[in-house]
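Here is a short report to read alongside the model. Please keep the structure open as you go.

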Amino acid sequence: MYQTDALVKKVNTDRYDDRLVVETNLIESYDQLFDFAAKHLPDKFYLEDGKIRLSLRYPQL
C-alpha cells in the first residue's frame with residue numbers, strides 16, 4: 001500500500017484549502033492525484049504558430 005497526502009494552500013498559507021489523502025497502489029494513485037492537480041491548477045491559454053490553441057496540461061500526441 002502507498003499513501004500520499006496532497007494539499008492546496010491558496011488563501012491562508014497556515015491552513016489548507018483542499019486536501020486529498022490517497023491510500024492505494026502507485027498506478028491508481030497517479031490518476032487520482034492528476035485529477036486533483038487538474039482541479040486546482042489553471043489550464044493556460046497557448047497558441048502555436050498564432051493559429052492553433054493547445055492545452056499545456058493535455059498535450060497532443
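Tyr30 is exposed, with a relative accessible area of 54%; here exposed means over 50% relative accessible area, buried under 20%, and partly exposed in between, with a 1.4 Å probe and protein chains only. Phe34, at 30%, is partly exposed. Both residues belong to helix H1 (residues 26–40), where they sit four residues apart, about one turn of the helix.

How many aromatic pairs does the count come to? The count is one aromatic pair, where rings of Phe, Tyr and Trp (its six-membered ring) pair if their centres lie within 6.5 Å, and planes under 30 degrees apart count as stacked, over 60 as edge-to-face and the rest as tilted. The ring centres of Tyr30 and Phe34 are 6.1 Å apart and their planes meet at 25 degrees, so this pair is stacked.

## About the model

This is a predicted model, in which local features need pLDDT of at least 70 and side-chain atom pairs count only at pLDDT 80 or more, while totals for chains, interfaces and linings use all residues. Residues are numbered from 1 along each chain as its sequence is written, and side-chain values use heavy atoms, with hydrogens and water left out.

## Fold and dimensions

Helices (H or I, at least four residues) and strands (E, at least two) are DSSP runs, numbered from the N terminus.

The radius of gyration of the protein chain is 15 Å, whereas a compact globule of 61 residues would have one near 10 Å; the radius is taken over C-alpha atoms, and the globule rule is 2.2 Å times the number of residues to the power 0.38. Along the principal axes, the C-alpha trace spans about 45 × 30 × 10 Å. Of the 61 residues, 20% count as buried.

Lys44 is found in the loop between H1 and strand E3 (45–48). Is Lys44 buried or exposed? Lys44 is exposed, with a relative accessible area of 55%. Between Lys44 and Ser55 there are 7.2 Å in space, C-alpha to C-alpha, and the two are 11 residues apart in sequence.

## Charges

The protein chain carries 9 positive and 11 negative side chains, and the centres of these two sets are 7 Å apart. Lys and Arg count as positive and Asp and Glu as negative, with His and the chain ends not counted; each charge is placed at NZ of Lys, CZ of Arg, CG of Asp or CD of Glu.
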